[in-house]
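Hi,

Here is the model I promised to pass on. Please have a look at it first, and then read my notes below.

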Amino acid sequence: MGALAETRGAPAPAGAFRPANDEGRNAEGSARALLRFITCGSVDDGKSTLIGRILYEAGAVFDDQLTALDADSRRFGTQGQAPDFALLVDGLSAEREQGITIDVAYRYFSTAQRSFIVADTPGHEQYTRNMATGASTADLAIILVDARKGLLPQTRRHSFIVSLVGVRRIIVAVNKMDLVGYDEAVFRRIEADYRVMAAGLSFTTIDFIPVSARDGENVTQVLRLTPWYRGPALLPFLEAVTLAGEAPEAPGFALPVQWVNRPDLDFRGYAGMVAQGRLRVGDGIAVLPSGRRSSIVRILAPSGEVSQASAGQSVTVTLADEVDVSRGDVIASLADGPLIRQDLRARLLWTGEAPLREGGEFILKLATATANASVTQLQHRLDVESFAEVPADELPMNAIGLVSLRLDRPLAVQDYAQSRELGGFILIERLSNQTVAFGFIDEELSTQRGADRAGQVPSLRRALVRELGRPGSARRRALVRGLSWRAGASLILAGATIALGASEGLAATLAIGDFVLRPLAHRVHERLWRRDDAGALQDGAGI
């Protein structure tokens with residue numbers, strides 16, 4: 001461990017390390033809180049090195065691991081004779097050979113103040129799907145930026161993804177400050193650029209810390225090389241950070257049924273994890289999507305029978321009536337329950353190698369339910385550089401877009417902002433059985449909540465927004481452009497008919513018929529040729 005002994009900063013004393021599942025207490029005597037965080041950013045920004053350095057200086061690396069690190073650094077390391085802390089996290093042989101992170105690496109450690117679960121995610125664009133998986137359970141994200149390169153496309157993509165999955169607290173760690181001479185101007189420029197870039201995202205707090213993961217500058221303590229930085233080092237910041245207060249408990253409850261528990265003839269229970277709200281013995285329920293009603297008789301938890309259960313608890317419930325309930329159904333409160341939808345609008349993070357096009361058919365998995373889904377409309381794609389919505393005919397790998405989906409049966413769903421469990425889904429390719437997209441049900445559903453649940457007809461305004469798109473959206477602009485072209489073509493037809501000697505009435509009839517019937521004929525044509533490569537036969541004018 002000779003090379004390790006020469007590194008600046010010393011590991012925590014023997015015995016200071018505590019495993020993340022330690023149920024002990026912090027220095028003030030309070031129970032240690034658990035923080036789940038993710039490191040992300042572009043490739044080679046130093047994510048694995050930063051996590052390895054934190055583990056080392058927090059005393060979370062055992063002696064045998066330090067010995068192995070010393071040997072591995074000489075064999076695989078990229079830091080010359082110095083230890084390569086990334087090797088503490090990157091364990092796959094392919095990761096060590098290429099010097100990149102491929103799979104998500106989870107590490108568990110504790111300090112005297114807090115317990116942590118950190119997900120080190122890949123920065124390479126090809127493995128964006130792995131990064132999204134790690135972000136899906138995070139409370140906080142550390143986005144690394146190489147001080148020499150500034151913001152890169154993958155930095156922007158990862159920022160949008162963590163915002164999309166609901167992470168609201170961000171730390172931007174400007175790494176490799178040693179390679180720019182710890183220049184404050186470089187740090188301030190990146191800080192300003194990132195604030196401008198993230199202005200349209202839904203982050204509540206963004207903090208900036210200059211670090212050198214290789215040398216340990218500002219990782220566990222603020223050293224002398226950044227006298228212009230007045231904030232805390234990274235690890236003390238993580239120990240003290242407070243997240244936004246817990247959201248108020250949902251007014252209704254939802255329990256996706258994972259398993260029908262039938263051990264004998266005298267017991268039938270429905271097991272699953274409560275997705276939202278709180279359920280109690282005696283509550284009236286509806287089984288969705290069928291709508292059959294009953295009430296809760298018993299609630300069984302791992303510790304025994306209880307009178308109530310809240311979100312995050314796994315329970316088995318029994319009902320007062322013999323109703324048909326199976327895996328994929330949702331047991332919900334009579335009021336404020338999920339929506340029943342067969343048509344969905346959702347943002348997709350497309351991870352399939354082949355691009356997504358309209359008409360694609362997949363298996364959709366949402367909570368415990370599975371359904372067949374087809375893409376009826378690709379409404380727009382997100383420009384990663386500007387976060388603008390641009391029209392698109394397809395979604396290439398790692399692109400983000402808004403789509404409309406048609407399911408083969410109705411499902412109980414929620415807006416993703418209200419429920420990750422009932423608002424997030426994946427799309428699975430039928431033949432290969434590979435996950436090709438992460439989906440997030442669009443918040444526009446929330447505007448239809450009251451009308452859909454009560455079975456009422458939505459207002460004319462809502463119906464128009466749903467069919468025509470929001471004012472100023474790419475969908476609305478494309479529709480207006482198409483209508484103007486159709487109207488112009490119909491007027492030309494009317495003028496040509498009059499020029500040939502026909503009456504004005506006949507010309508008007510032909511023009512109106514052309515305006516109305518041509519889109520209908522085009523839609524029928526598209527449905528007939530959807531499964532085939534019939535680009536040469538399609539009307540290139542889009543009408």
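Pro289 sits in the loop that runs between β11 (284-288) and β12 (292-301), where strands (E, at least two residues) and helices (H or I, at least four) are DSSP runs numbered from the N terminus. The peptide bond between Leu288 and Pro289 is cis, with omega at about 15°.

Before you go further: this is a predicted model, so local features need pLDDT of at least 70 and side-chain atom pairs count only at pLDDT 80 or more, while totals for chains, interfaces and linings use all residues. Residues are numbered from 1 along each chain as its sequence is written, and side-chain values use heavy atoms, with hydrogens and water left out.

Now the overall picture. The protein chain has 13 helices and 25 strands. Of its 543 residues, 47% are buried; buried means under 20% relative accessible area, exposed means over 50%, and partly exposed is in between (1.4 Å probe, protein chains only). The accessible surface is about 26200 Å², and carbon and sulfur atoms hold 52% of it; areas come from the Shrake-Rupley method with a 1.4 Å probe, and for residues only the protein chains shown count as cover. Among contacts with a separation of 6 or more, 70% are between residues 24 or more positions apart, a contact being heavy atoms within 4.5 Å.

Asn218, in the loop between β6 (205-210) and α8 (234-240), has a positive phi near 65°. Asn433 also has a positive phi, about 65°, although it is not a glycine, and lies in the loop between β24 (424-428) and β25. Are these two buried or exposed? Asn218 counts as buried because its relative accessibility is 0%, whereas Asn433 counts as exposed because its value is 58%. Leu431 is in that loop between β24 and β25 too, and is exposed with a relative accessible area of 81%.

Next, a helix pair. The axes of α5 (residues 128-135) and α6 (residues 153-164) come within 10 Å and cross at roughly 35°; axes are lines fitted to C-alpha atoms, for helices over the stretch in contact, and angles run from 0 to 180 degrees between N-to-C directions. The crossing is right-handed, which is the case if the near helix is turned clockwise from the far one by less than a right angle, anticlockwise being left-handed. Thr128, Met131, Ala132 and Ala135 of α5 make the contact with Gln154, Arg157, His158, Ile161 and Val162 of α6. Six of the eight residues of α5 are buried, and the cover over them includes α6, β1 (33-41), β2 (105-110), β3 (114-120), β17 (339-350) and β25 (435-441).

On to the charged pairs. There are 14 salt bridges, each a side-chain nitrogen of Lys or Arg within 4 Å of a carboxyl oxygen of Asp or Glu. Lys176 pairs with Asp146, with the closest N and O atoms 3.5 Å apart. This pair links distant parts of the chain, since Lys176 is in the loop between β5 (169-175) and α7 (184-197) and Asp146 is in strand β4 (residues 140-146), 30 residues away. Both Lys176 and Asp146 are buried.

Asp343 and Arg406 form another salt bridge, at 2.5 Å from N to O. Here strand β17 holds Asp343 and strand β23 (residues 400-413) holds Arg406, 63 residues apart. Asp343 is partly exposed at 36% relative accessibility, and Arg406 is partly exposed at 36%.

Finally, the surface. Leu483, Ile512, Phe515, Val516, Leu517, Leu520 and Val524 make a nonpolar patch of about 620 Å². Patches are made of residues with over 30% relative accessible area and no salt bridge, with nonpolar side chains (Val, Leu, Ile, Met, Phe, Trp, Tyr) joined within 5 Å and like charges within 9 Å. Helix α13 (residues 504-529) gives the most to the nonpolar patch, with six residues. Phe515 lies in α13 and counts as partly exposed because its relative accessibility is 31%.

Best wishes
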